[in-house]
Amino acid sequence: MYAVFKRELFSLLNSLMAYITIGVFLLATGLLLWFFPDSSIPDYGYAELGSFFNLVPFLFIFLIPAISMRAFAEERREGTYMLLAIRPLTELQIILAKYLACLSLVVVALLPTLVYYFSVYKLGSPAGNIDSAVVAGSYVGLLLLGSAFVSVGILASSLAKNQVVAFALAAFICFLVYMGLDAAAKIFSMQWIEGLLNGLSVNEHYQSISRGVIDTRDLVYFFSFNVFFLAWTSFVLKGRKW
Amino acid sequence: MSIKVNALSKSYGKQKAIDNISFEASPGRILGFLGPNGAGKSTTMKILSAYLSADAGEAVICGLGIRDNALEIKKRIGYLPEHTPLYVDMYVKEFLAFVAESYGLKGIDLKVKEVITKVGLEAEQFKKISMLSKGYKQRVGLAQAIIHDPQVLILDEPTSGLDPNQLLEIRSLIRNLGQNKTVILSTHIMQEVEAICDDVVIISKGKLVAVSSLQELREKHRNSSLEEIFRKLTA
């Protein structure tokens with residue numbers, strides 16, 4: 001499995017696509033948080049990164065499907081999935097290798113943003129006047145949110161033959177589970193439906209972790225979310241006719 | 001018997017790709033798997049390499065049923081798929097090392113070196129796969145099928161698109177490999193069957209039409225060339 005993970009990560013790092021998406025991601029966050037006056041942290045006046053952690057999930061809705069779209073769709077189009085399927089590897093090992101490779105790239109995209117934390121830390125008056133626990137919790141939240149979106153992207157890639165379709169499908173599902181469920185919860189006046197939809201919403205659990213409290217309920221939620229989508233992918237691959 | 005195929009069937013939707021196919025193959029012999037286009041050769045080979053699963057019937061490879069021992073069987077099989085899919089963004093050596101690692105082999109560098117010599121890729125070993133000509137890509141495909149020294153080799157049209165010189169080289173390589181392995185190869189070229197195969201299985205429209213040794217087939221249809229026999233049986 002390690003061999004497949006390594007090859008996936010190298011091929012992601014070898015593609016221009018990865019650098020463009022990560023570059024666009026960093027450019028967008030940089031501009032919105034430090035340059036555009038309406039949303040910039042220096043103009044805001046408070047030493048906190050809340051606006052960053054509210055912004056990133058929206059960018060992830062596009063960034064992560066762009067990273068994960070090629071996982072299976074490309075192999076299927078090129079016929080190279082056979083090169084993996086004829087090795088002594090289970091479907092699950094192949095899926096996990098691809099999942100972890102994409103997740104590693106998400107981590108690579110997030111690493112440079114630690115500079116934002118450092119900057120706000122230094123800019124605070126007095127320096128260091130920032131709630132580090134909230135920032136740490138939010139980063140854990142982002143990673144969990146990222147892992148959830150990657151599992152969605154991997155599933156979409158296994159369903160679609162075409163990378164663009166895989167991207168659109170993944171972006172739509174990510175949007176749906178992140179915002180759609182929240183919005184739908186507000187439509188219903190019955191409390192139990194509202195509670196149910198809120199309980200299923202990624203945003204709800206992400207916000208909860210972002211407060212800096214790592215609750216087992218949220219961890220269990222993200223874990224189950226990943227398991228659900230990866231198991232579905234495995235089901236799709238087992239039933240493939242290609 | 002290292003391959004025993006028993007009443008294998010598989011359909012894609014309503015279309016029956018292969019219907020009730022049975023044959024056997026033994027070590028030290030090369031089996032030619034023949035049939036017109038669309039006869040179900042590739043499908044059978046995909047099932048034997050545990051890439052697809054059959055709808056009915058069973059194949060036993062090295063004494064292991066394919067349904068319950070897919071992982072174990074994959075370790076013992078080398079498979080060259082039709083059209084030779086390869087990761088063209090990788091370098092030859094890098095790709096072969098990746099394949100060796102995915103089989104969990106030890107001493108990867110040495111294994112890669114050996115296989116490169118065996119298939120005659122020394123001159124091209126530092127190139128990117130996308131840069132190689134078709135014949136050399138075919139060699140890389142063959143290398144990934146034999147790097148783990150499998151007991152059974154399944155080659156789907158291993159010589160398609162090769163020039164006459166390469167054709168002879170690859171054929172003699174397959175012959176050498178066939179001395180102590182079980183080899184199944186599919187082809188359209190009858191001279192190839194005459195040159196390297198010991199046994200012949202012919203299928204047409206998913207159904208078995210002939211299973212015998214090459215010699216027996218010749219004796220049965222005296223005075224006709226292999227091509228005429230093929231046409232007669234598959235018309």
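**Helices and strands, chain by chain**

Author: Let us start with residues 219–237 of chain A, a span that is 100% helix and 0% strand, with end C-alpha atoms 27 Å apart. This is a predicted model, in which local features need pLDDT of at least 70 and side-chain atom pairs count only at pLDDT 80 or more, while totals for chains, interfaces and linings use all residues. Residues are numbered from 1 along each chain as its sequence is written, and chains are lettered from A and ligands numbered from 1 in the order in which they are written.

Reader: What makes a stretch count as helix or strand?

Author: Both are DSSP runs numbered from the N terminus, a helix being H or I over at least four residues and a strand being E over at least two. By that rule chain A has 13 helices and zero strands. For residues 94–118 of chain A the span is 88% helix and 0% strand, and the end C-alpha atoms lie 37 Å apart.

Reader: Which residues of chain A does UniProt list under "transmembrane region"?

Author: The unreviewed UniProt entry lists residues 12–35, 55–73, 94–118, 138–157, 164–181 and 219–237 of chain A. Such positions are given in the numbering used here with shortened feature names, and annotations may be inferred rather than shown by experiment.

Reader: Why is chain A called as compact as a globular protein of its length?

Author: The radius of gyration is taken over C-alpha atoms, and the globule rule is 2.2 Å times the number of residues to the power 0.38. For the 242 residues of chain A the rule gives 18 Å and the radius is 19 Å, which is close, so chain A is as compact as a globular protein of that length.

Reader: What makes strand β9 of chain B largely enclosed?

Author: A residue is buried if 20 or more other C-beta atoms, placed from the backbone, lie within 10 Å of its own, exposed if 12 or fewer do, and partly exposed in between. Five of the six residues of β9(B), residues 199–204, are buried, so this strand is largely enclosed by the rest of the structure. In chain A, 39% of the 242 residues count as buried.

Reader: How do you know that β9(B) pairs with β3(B)?

Author: Two strands pair if DSSP finds at least two bridges between them. Strand β3(B), residues 30–34, and β9(B) share four bridges in the parallel sense, and L34(B) stands opposite I202(B). Six bridges also join β9(B) to β10(B), residues 207–213, in the antiparallel sense, with D199(B) and S213(B) as bridge partners. β9(B) and β10(B) form a hairpin with two residues between them, and K205(B) in the turn has a positive phi of about 50°.

Reader: Which strands are the edge strands of the open sheet of chain B?

Author: The open sheet has four antiparallel strands in the order β2-β1-β4-β5, and its edge strands are β2 (15–25) and β5 (64–65), since each pairs on one side only. Seven bridges join β1(B), residues 3–12, to β2(B).
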